[in-house]
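This report goes through a protein chain, from its aromatic contacts to one of its sheets and then to the chain as a whole.

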Amino acid sequence: MGVVSSQGLSYRLVANGVQLDLFKDEEIKVSDNITGLFDIGSLPADFTRQITLPGTKRNNAFFQHVYDISVDSPFLFSTNQKVSAYFDFGGLYVSNGYLQLNKVNVIANKFIDSYEVSVYGLLSSFARDINRVFLTELSSLQQYNHTASLDNIVDSWSGSLFNGDIVYPLAEYGQNLRFTGGPTTTFGMNTVSGSLTVQDFKPAIRVKKVWDAIFEEFGYTYSSSFMNEGWLDNVYMVANTALKYPEFEEVDLESYGQIKIGPISGSGTDVLLTAGVSQPLTLYNIISDPQNFIPDGSNYSLLVSSSLDCVFNLEARVSGTVGVPQFELEFYNDTTSTTFAVPLTTFNTYFVEFDSLNTSTGNQVVTLQTQVVTPVLTPGNYNFKLKYSNYNGSSFTVTVAPDSKVGSYLQVKKVKQAGDYRVMDMTLNMPYGTQGIKCVDFIKGIQKKFNLIMYPSKTKLNEFIVESFNDWYKQGEVKNFNKYINLNEKIEVIPANNLAVNKLEFGDKLDNDYIAQQFSKLENRQFGKTYYTDTNNFFSQGEFKVETTFGVGPLKYVDGTGVSGSAGLPTGSAIQVAYSSTSNYFDVCSNQEYTKYSANGFTFLETGDTLYNDLYLQSPLTGYKYVADTAGEIYNINQYTGVVGGYADNCSNQGGPS
């Protein structure tokens, strides 16, 4: 309950070791309302009072010394100066905190009549301090700074990064994560082409370490058996500042390297391609380039070794009688004169299927779009080229932008290794929300989540005791305040708690975490949400919802998602081969040789190996019957799997490359 004391000398106010003089009729309200112990952000939390002190010799000496007050100029003093102070009733502790001078009342501009001060408890002072600072300003968290790398991410899964204080979970931050299924399988996160890279991961930190950092930052300590519980080591908070990617001091990953280029409208130029010849794309219209990666208006400037995640849209006419094209998009490094070719598998599959269903190539104008993931490109200035080879015949032509169509474009959506090996600044990456998350919001969230109370230590300055409500309640004792109450005055009673409620709901907010969303869909409830209904208390009524300041986020490593496009990629070895879709050995021997890839790194063809179009062994060489290596040996090849079959003949017998 709460009491009002109107016996001025029954309590003491001591500041900086000096017992200050009080007015005898000064009223001080004292309350141990337990509802105030759960929300330190609602001031006053434990004790905040405004009182008036007389201008006595003792008080004048104190305030002149501490606040630099001059009797001649009493309006000038240190208003922001705080000094340690406490209240007690005959040695019975009431509140330990600080005193701050608000106003000096002067008589006839000569004499100080009184001082108006605020006295607030330690918990209130703590709340005031942490209410001014955001989580993104906690410099004490910089002890957890580290290199953003594949090795550190993988190490965190086994608890090896800062002894498990930092872990990298799989979470959805707006990247539109995909796993498997349908036409997106090739680029799902369980494939090399669609695998997550370093910048797709954001670190999570143990909540206890953030709690400790806040106390350390502001010069406070605490004692708590609850905070030493072992299971708290498994409670983490994702360092999700905002948007899709982590924050780094030297780079903005949200638009880094992203461009979109297309043809210039009204150019009136149709581009006729020639089989086997690389044709530069006439995409000189810069539709988007937020970070100036095409400084000269033509070449794309890649500053780091990285693969690119692109979208290629092609408007073309294919006309003729026999055969269809098989396309490759080339990324030509003008700095090193190196070409990186990527088969356009989606396009090629379309034309192979068209050819199998039609007796003639015909005259078709197509608009095709595909995702393109390049191999790791070396730094340099790039331009983009298109090339095709013949499939099942060569009596056809390919024209890009027919009739001056301007729908083709190339878009770089992501520089996949742009975040590799940068410094992960944990302070910079702490959650910010929309208007900033203050340290007080974090402390409040922990209190609500675990039903904790905080109160100042009676023996140690700037130290708190943190306990669960149940443990604190069991330690309660009865204090007799009767001798401090003036029974001739009205007694004001403040209830110590609210009426009991019938239904309680505990939980966090539902966030956009990938796993949290999947859990909600599968289980038809939010992760971590619990309910309690009071069936024994007749007087309980109503509902009460306890929702923390956190978003729910179960952290889990999902099998199959650990393949990264950053380092240690499984890559094939190049081999020069010629191939043909006809049953005539001479055709394969007379065809042009192309660079293809094999997992086993053979120099010449071997039965049982698989040929791939790409370095990362994702696109098998399909649609052909025979293949020949540089030694001129001809082998059968499976048209559907790209697996090399048995030996068939030798080009020296047929005429052709040998």
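Are Phe 340 and Tyr 382 buried or exposed? Both Phe 340 and Tyr 382 are buried in this model, which is a predicted one.

**Aromatic pairs**

The model holds 29 aromatic pairs. One of them joins Phe 327 and Phe 347 in an edge-to-face arrangement, with 6.5 Å from centre to centre and 90° between the planes. This pair links distant parts of the chain, since Phe 327 belongs to strand β19 (residues 308–333) and Phe 347 to helix α5 (residues 345–357), 20 residues apart. Phe 327 and Phe 347 are buried. The ring centres of Phe 340 and Tyr 382 are 6.4 Å apart with the planes at 45°, so this pair counts as tilted. The pair also links distant parts of the chain: Phe 340 is in strand β20 (residues 338–343) and Tyr 382 in strand β22 (residues 380–400), 42 residues apart.

| Pair | Centre to centre | Angle between planes | Arrangement |
|---|---|---|---|
| Phe 327 and Phe 347 | 6.5 Å | 90° | edge-to-face |
| Phe 340 and Tyr 382 | 6.4 Å | 45° | tilted |

Phe 327 and Phe 347 also belong to one aromatic cluster, together with Phe 312, Tyr 350, Phe 351, Tyr 388 and Phe 396.

**Charges over rings**

Two lysines are placed over tyrosine rings. Lys 260 lies over the face of Tyr 409, at 4.3 Å from the ring centre. For Lys 385, the charged end sits over the ring of Tyr 332, 4.2 Å from the centre of that ring.

An open sheet is formed by five strands in the order β31-β30-β32-β33-β34, with antiparallel pairing. Strands β31 and β34 (644–650) stand at the edges with a single partner strand each, so one side of each has no neighbour in the sheet. On average, neighbouring strands of this sheet are turned by 45° against each other, direction ignored. Strands of a sheet pair through backbone hydrogen bonds, in a parallel or an antiparallel way. Here, β33 (residues 633–637) pairs with β34 in the antiparallel sense over four bridges. In one of the contacts with β34, Ile 637 has Val 644 as its bridge partner.

Thr 610 is found in the loop between β31 (594–598) and β32 (626–628). Why does Thr 610 count as buried? Its relative accessible area is 18%, and buried means under 20%. Leaving out residues up to four places away in sequence, Thr 610 touches Tyr 597, Ser 598, Thr 641, Gly 642 and Val 643.

**Helix α4**

Helix α4 spans residues 207–217, and its buried residues include Val 207, Lys 208, Val 210, Trp 211, Ala 213, Ile 214 and Phe 215. An α-helix has 3.6 residues a turn, so residues three or four places apart point the same way. Just after α4, Gly 219 takes a positive phi of about 80°.

**The whole chain**

The protein has 11 helices and 34 strands. Of its 658 residues, 50% count as buried. Among contacts with a separation of 6 or more, 73% are between residues 24 or more positions apart. The protein exposes about 31200 Å², of which carbon and sulfur atoms supply 48%.

Definitions and conventions:
Residues are numbered from 1 along each chain as its sequence is written. This is a predicted model: local features need pLDDT of at least 70, side-chain atom pairs count only at pLDDT 80 or more; totals for chains, interfaces and linings use all residues. Side-chain values use heavy atoms; hydrogens and water are left out. Helices (H or I, at least four residues) and strands (E, at least two) are DSSP runs, numbered from the N terminus. Buried means under 20% relative accessible area, exposed over 50%, partly exposed in between (1.4 Å probe, protein chains only). Contact means heavy atoms within 4.5 Å. Two strands pair if DSSP finds at least two bridges between them. Axes are lines fitted to C-alpha atoms, for helices over the stretch in contact, and angles run from 0 to 180 degrees between N-to-C directions. Rings of Phe, Tyr and Trp (its six-membered ring) pair if their centres lie within 6.5 Å; planes under 30 degrees apart count as stacked, over 60 as edge-to-face and the rest as tilted. A charge sits over a ring if NZ of Lys or CZ of Arg is within 6 Å of the ring centre and within 35 degrees of the ring normal. Accessible areas come from the Shrake-Rupley method with a 1.4 Å probe; for residues, only the protein chains shown count as cover.
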